[in-house]
Amino acid sequence: MSFLLKSMIGSQVKSFGFGGGDEEKKDEGGASDPAAAAGMTRDEYEEYQRQLVEEKMERDAAFAQKKAERATLRVHMREKYRLPQSEKDESQIQLAGDDVDLPEDLQKMVAEDQVEEEDKNSILGHIQQIQNMDLDTIKEKAQTTLTEMKQAAEDKCFIM
């Protein structure tokens, strides 16, 4: 009950300037010196602020590096699948200083993809594709090729 009465009347009394000014003076004194408010000396507070700035710069640099790595991955995927390039990705890579590589995990994935593509382009890859085709399709392809070769030979040779 006394708390309620004090809070109601105290604010009105303070507005007239009757007492209660001690609290305001204490608040003003603490606000003028942030080091004292934090419970540190001035030197400790400055060192703390310097460390905060350095940590923020390190986080920002790491974040920019990660963004550039992601942009590099997107550029690589766009090249692989022949999609249009993005200027945003190029600018992110340039902001990182063009010293950006794919992360190790992604490099392994890219290497595996290249090995798979090489296997598909090799003779064994073509043989495996032929095994997956049905016999009728193979016959049709062979007959068409034979017919094309005969026509080409007849066009070139006057005796036939």
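Modeller: Buried means under 20% relative accessible area, exposed means over 50%, and partly exposed lies in between, with a 1.4 Å probe and protein chains only. The model is predicted, so local features need pLDDT of at least 70 and side-chain atom pairs count only at pLDDT 80 or more, while totals for chains, interfaces and linings use all residues. Residues are numbered from 1 along each chain as its sequence is written, and side-chain values use heavy atoms, with hydrogens and water left out.

Biologist: Why is Asp 89 called buried?

Modeller: Asp 89 has a relative accessible area of 2%, and buried means under 20%. Asp 89 therefore counts as buried. Of the 160 residues of the chain, 9% count as buried.

Biologist: What touches Asp 89, not counting residues up to four places away in sequence?

Modeller: Ala 71, Arg 74, Val 75 and Arg 78 touch Asp 89. Contact means heavy atoms within 4.5 Å.

Biologist: What makes the pair Asp 89 and Arg 78 a salt bridge?

Modeller: A salt bridge is a side-chain nitrogen of Lys or Arg within 4 Å of a carboxyl oxygen of Asp or Glu. For Asp 89 and Arg 78 the distance is 2.3 Å, N to O, so the pair meets the definition. Asp 89 lies in helix α5 and Arg 78 in helix α4, so the pair ties together parts that are 11 residues apart in sequence. Arg 74, Arg 78 and Asp 89 are linked in a network of salt bridges.

Biologist: How many salt bridges does the structure hold?

Modeller: The structure holds five salt bridges. Among them is the one between Glu 46 and Arg 42, at 3.9 Å, N to O. Another joins Arg 50 and Glu 47, whose closest N and O atoms are 2.6 Å apart.

Biologist: Why are Glu 46 and Arg 42 separated by about one helical turn?

Modeller: Because Glu 46 and Arg 42 are four residues apart in helix α4. Arg 50 and Glu 47 are three residues apart in helix α4, and are also separated by about one helical turn.

Biologist: Are Glu 46 and Arg 50 buried or partly exposed?

Modeller: Glu 46 has 36% relative accessibility and counts as partly exposed. Arg 50, at 44%, counts as partly exposed.

Biologist: How do you know what counts as a helix?

Modeller: Helices (H or I, at least four residues) and strands (E, at least two) are DSSP runs, numbered from the N terminus. The chain comes to eight helices and zero strands.

Biologist: Which residues gather in the patch of negative charge?

Modeller: Glu 112, Glu 116, Glu 117, Glu 118 and Asp 119 gather there, on the surface. Glu 112 is found in helix α6 (residues 104-121).

Definitions and conventions:
Patch = residues over 30% accessible without salt bridge, like charges linked within 9 Å, V, L, I, M, F, W, Y side chains within 5 Å. Areas by Shrake-Rupley, 256 points an atom, 1.4 Å probe, with all protein chains shown as cover. Lys, Arg positive; Asp, Glu negative; His and termini not counted. Charge placed at Lys NZ, Arg CZ, Asp CG, Glu CD.
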